[in-house]
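Let's take a friendly walk through a protein fold, one piece at a time. Keep the sequence and the 3D view side by side as you read.

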Amino acid sequence: MQLAVPTETRPGERRVALTPDVVKKLIGAGWEVRVQAGAGVEAAFGDAAYQEAGAIIAPDAAATVAGAGLVVSVNAPSAEQAAALPPGATTLSFFGIGQSEEAVRALAGRGATVFSFDLLPRISRAQGMDALSSQATVSGYRAGLSAAEHLAKFFPMFMTAAGTVPPAKVLVMGVGVAGLQAIATARRLGAVVKAYDVRAAAKEEAESLGATFLDLGVSAEGTGGYARELSPEELDRQRAALAEEVGRSDVVITTAAVPGRKAPVLVTGAMVEGMAEGAVVVDMAADQGGNCELTKVGEVVDHNGVHVVGMANPPSGMPTHASFLYARNVANVLGLMGPEGTLAPDWEDEIVTGMCVVREGKAMAPAAVEVLGGGSEGSGS
């Protein structure tokens, strides 16, 4: 089966879905791999490396996907790209259904099968396939570095002949994979770190990395290891308790996200106004609407001397290792669904069914059912 790797078209995207070393392994397993010219250049993987691995370099997107049975990308295809895919093709990528409704309809119309890393079940045997976690690792690391870059102070304590400089005080909100990496990065840089999460289970993890965990009396344990959405009353209680901690912090890093929903607002404008001039808020959830009321995606907002950094597509800022990790997630999924160079998904497997958005044109994921009106729009009806 032919596997196609097109160049990413999302503005600012620098990652590539497969790296040359993974391409070589897939070809060894029986896949024919076609990579669009220049697809990996932004991530420091040139065409020559893919050719050496055995891939065919295609001149443009159309030539890349022509005849492909499987198209692997980082981001969901646009409606136009979806309409150009071969009938019955399969796609594998991050696929936010709510942000890709036109693409869902176009893919269903082509009788396509769509798998999304967004929907991967959080179970032990799927850990090696968990691209959300691998990319969150990159995001958390970058958030820590971004905070240090924008703060007009040192992160570590310095004892100098000119006097002692106290360490920066960092508050990390949300102790998932991204939050833990932000904690670890801030700690490595020498900051004093506090952490907060609505999941009580996060306390031990945060403390294992040297952070002090804040218990504000608001718990929101969800399913699958995620937090559930807080009620308006719980959000009000949470914000009131957090306001004092935010005001005492030099840096606030926010990472809170609820799958499939707009990011919760944890840091209000009033909280930012309570921070000292020169303080920094780094919002990792900017792409999902932001955890800070003042966040603007991809911008640094100066609000009374406090800088609010809206991180857009954080993993793209470190594309080499982000692609390195993502490619391995893809390889592990294909090890399950296509171990001998052709797709043969076991539709009784909870990972296969859990990741499926559309199967042969028929909506499978609940959100896709809503988009397509409860049925197929393509040849799979």
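## Two parallel strands

Strand β1 (residues 2–5) and strand β2 (residues 32–36) run parallel and are joined by four bridges. Within this pairing, Q2 has E32 of β2 as its bridge partner. Strands here are DSSP runs of E with at least two residues, helices are runs of H or I with at least four, and both are numbered from the N terminus. Two strands count as paired if DSSP finds at least two bridges between them.

This is a predicted model, in which local features need pLDDT of at least 70 and side-chain atom pairs count only at pLDDT 80 or more, while totals for chains, interfaces and linings use all residues. Residues are numbered from 1 along each chain as its sequence is written, and side-chain values use heavy atoms, leaving out hydrogens and water.

## The whole sheet

Eight strands make an open sheet with mixed pairing, in the order β3-β2-β1-β4-β5-β6-β16-β17. Because β3 (56–58) and β17 (362–363) stand at the edges with a single partner strand each, one side of each has no neighbour in the sheet.

## The nonpolar cores

A nonpolar core is a set of buried (under 20% relative accessible area, 1.4 Å probe, protein chains only) Ala, Val, Leu, Ile, Met, Phe, Trp, Tyr and Cys residues joined through side-chain atoms within 4.5 Å. The largest one has 39 residues, of which L3, L18, V33, L92, F117 and M355 touch the most other members. Helix α11 gives this core its largest share, six residues.

A second, separate core has 28 residues, including A136 and V282.

Notes:
Buried < 20%, exposed > 50% of the residue type's maximum accessible area, 1.4 Å probe, protein only.
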